[in-house]
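Reader: I have just opened this entry and would like to go through it with you. Could we begin with a local backbone detail and then work outwards?

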Amino acid sequence: MNHRSNYIGYAIARLAQSIVVIALAYTFTFLIINVLPGDPITNMLLDPENGFSPADIEPIIAYYGLDKPVLEQLWIALSRFVVGDLGISLRSNLPVSGLVLSALPSTLVLALSALAVALVVAFLLAFASQNLPPRYGQGLLRLLPAASLSVPAFIIGIFLIQIFAFQFGLFRITSPNSFAATAFAAIALGIPVSAQIAEVLIANLDHEARQEYFSVARSRGLSRFELFAHHQFRPSSLPVVTMIALAIGELLGGSLITESIFGRTGIGSLVQGAVSSQDYPVIQAVVSLAAAVFVIVNLIADLVYPLLDPRLRTRNRGREPLADEPLVDTEAVAK
Amino acid sequence: MTLLIPTPVTRRRTRFAAWDVPLAVILSFLFVTLVIAWSLFPSLFAGYDPYFGDTSRKLLPPSGEFWFGTDHLGRDVFSRVVHGSWSSVTSAAIAVCIGLVVGGFLGLVSGFVAGWTDVIVARFIDVLLAIPNFLLAVVIVSSFGFQTINVAIATGIASVAIFARVMRAETLKASTSVFVEASGLLGGSRWHILLRHILPNAYRSILALAVLQFGSCILIIAGLAFLGYGDPPPAADWGVLVSNGKDYPSSPWLVFAPSLVIVATVLAINRISRWLRR
């Protein structure tokens, strides 16, 4: 009973904190865009090269409150953001939310397939790191994650294109949304992420293999696979939930460059276009939405984590919980 | 059993172990030194003018004369890589300095001064962590203007959060330790505790992080330059070289050579960081 109310209290506190962080991320982006260089939207509108007539400019200035003090502009923008209004694009005169929504599916497909690639590669590496012949196989394999962390997604992407598109003709970059092209883009985006996950996973597997219960299980005569699956892999795999949540930022940021290389349209190309045409409302919207996605995914991971880990269930039984510890009584939650 | 081992022996052994640097780390140091030498004295290493091309020898594959081949204007790619290392290396160094100073300060304040200061700074760190690094850098560059120096500043601001987080964790860890409590009880002032106990304890992990960040800043800067947010060509920043090279798929060395240098540099830096952290 007590634990349950503790979990709910923890969940509410985390939720409130997440909302604050999202609002602050919006504010921070707003300040970077609008305050540091000094009213860029007005400057961009007044630049004769951009071809805005005074009749075009007036409604835009009124809409964003550009003649008002910065704090009031922030208030206008923030109160629109809260109800899901992301403003109007300066270039296309369309609502930004529509632009984002139409760009989102392609990026979502790319990011999720990259995540799938990352997980498969990381799990394969982790499995092999425990089961290959120790001396050469494992030693070499353990170098791989650290090595692929040093290779940025754009280099992997270009290499994949050079080798598989131009040499072997497995996909054509002129049709970037085909299955094969998407798969290779996902590999380029996913490999650096897989390296991070694999590093943590391998470290955890090594840690579990040194535990006493692992030796006990082995001396009970369990098969190698059973030993790996139940006593080594299961406790090691939980931190992957947190790793996935943290990787979301990298997948979103990396989609910018991956989309550019593979010629895909999506959130990344939307941002790139907005940056080169100084379409600040679009930049503002995408960055704050990316922050919101990151915060929400991490919130979910934090809230789900205690439910997944049986050790956190029993550990809190029968003693007063520590203040900064995520708690849960799954028995209570399950009811 | 262990009590019987005489102390001088263990001392000598640990001192020997301190010099016992793995071969990979020595090679990494050598390579990073070479890259730094390239950036400081490019004309010692580059045999050709990096900006002037001779079209009679364009798109030549790598050979004894042109180690990395030549590009579409007949410029020696190796000379361009060597000359480009200055902007790549100094940008990354500026970025790490910004991250280290600003992030380190924020983390130290937040970890050492409890209460509202900590709450506010911790939320600010959360905000910086929430915005994807690369996107944050893109936004800052787009509002500062497309120049390599702005790319460096943007990358630095984007790496503030990670420094602040590690510094805060280290400060919290050290300031709850028994020796800090003892120092406080003996009458040590807050400054004394900060300078004598907390900073020396945080030093090692912050140093390892700074080295690691140096590597990832090189990657972020190359990525931004690749997208064209740095100085425009004929600047020879490594990311620009890769970006130019990708337009000539029939001359793959234009991409492979600068990519190889980027990856080897970051690999060496990461190996050094790993060794520092051990």
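Reader: What about helix H9 of chain A itself, buried or in the open?

Author: Helix H9 of chain A covers residues 212–219, and of these 8 residues the number buried is 0, so the helix lies largely in the open.

Reader: And Ile267(A), buried or exposed?

Author: Ile267(A) is buried, because 25 other C-beta atoms lie within 10 Å, and the cut-off for burial is 20 or more. The residue belongs to helix H12 of chain A, which runs over residues 267–276.

Reader: Which residues does Ile267(A) touch, leaving out those up to four places away in sequence?

Author: They are Ala103(A), Leu104(A), Thr107(A), Ser255(A) and Val286(A).

Reader: Turning to chain A as a whole, how many helices and strands does it have?

Author: Chain A has 15 helices and 0 strands. Its C-alpha trace spans about 85 × 60 × 30 Å along the principal axes. Of the 335 residues in chain A, 36% are buried. Among contacts in chain A with a separation of 6 or more, 71% are between residues 24 or more positions apart.

Reader: What does the UniProt record annotate on chain A?

Author: The unreviewed UniProt entry carries the annotation "domain: ABC transmembrane type-1" over residues 104–305 of chain A. Across that range the chain is 85% helix and 0% strand, with the end C-alpha atoms 28 Å apart.

Reader: How does the domain assignment divide chain A?

Author: The assignment gives domain 1 as 1–91 + 281–296 + 307–318 and domain 2 as 107–276. The contact between them takes 8 residues from domain 1 of chain A and 10 residues from domain 2 of chain A. On the domain 1 side, the residues that touch domain 2 comprise 7 nonpolar, no polar and 1 charged. Taken over C-alpha atoms, the centres of the two domains are 30 Å apart.

Reader: Now the interface. How many residues of chain A are in contact with chain B?

Author: There are 39 residues of chain A in contact with 32 residues of chain B. Several helices of chain A each supply at least two residues to that side, including H1 (2–34), H11 (239–262), H12 and H13 (280–308). The chain A side divides into 30 nonpolar, 8 polar and 1 charged.

Reader: What ipTM does the predictor give the complex?

Author: The ipTM is 0.82, and the pTM is 0.85.

Reader: Where is the pLDDT below 50 in chain A?

Author: Chain A averages a pLDDT of 82, with 90% of the residues scoring at least 70. Over residues 315–335 of chain A, however, the pLDDT is below 50, and this stretch has 34 contacts in the model beyond near neighbours in sequence. Where pLDDT is low, the predicted coordinates should not be read in detail.

Reader: And in chain B, which helix has the lowest mean pLDDT?

Author: That is helix H1 of chain B, residues 7–19, with a mean of 46, while helix H7 of chain B, residues 148–158, has the highest at 92. Over residues 1–16 of chain B the pLDDT is below 50, and the stretch has 1 contact beyond near neighbours in sequence. The mean for chain B is 84, and 93% of its residues reach 70 or more.

How values were computed
Residues numbered from 1 in each chain as written. Chains lettered and ligands numbered in written order. Predicted model: local features only at pLDDT ≥ 70, side-chain atom pairs only at ≥ 80, totals over all residues. UniProt positions renumbered as here; feature names shortened; annotations may be inferred. Helix = DSSP H or I, 4+ residues; strand = E, 2+ residues; numbered from the N terminus. Buried ≥ 20, exposed ≤ 12 C-beta atoms within 10 Å, placed from the backbone. Contact = placed C-beta atoms within 7 Å. Nonpolar A, V, L, I, M, F, W, Y, C, P; charged D, E, K, R; others polar. pLDDT = per-residue confidence, 0-100. Domains from an automatic or database assignment.
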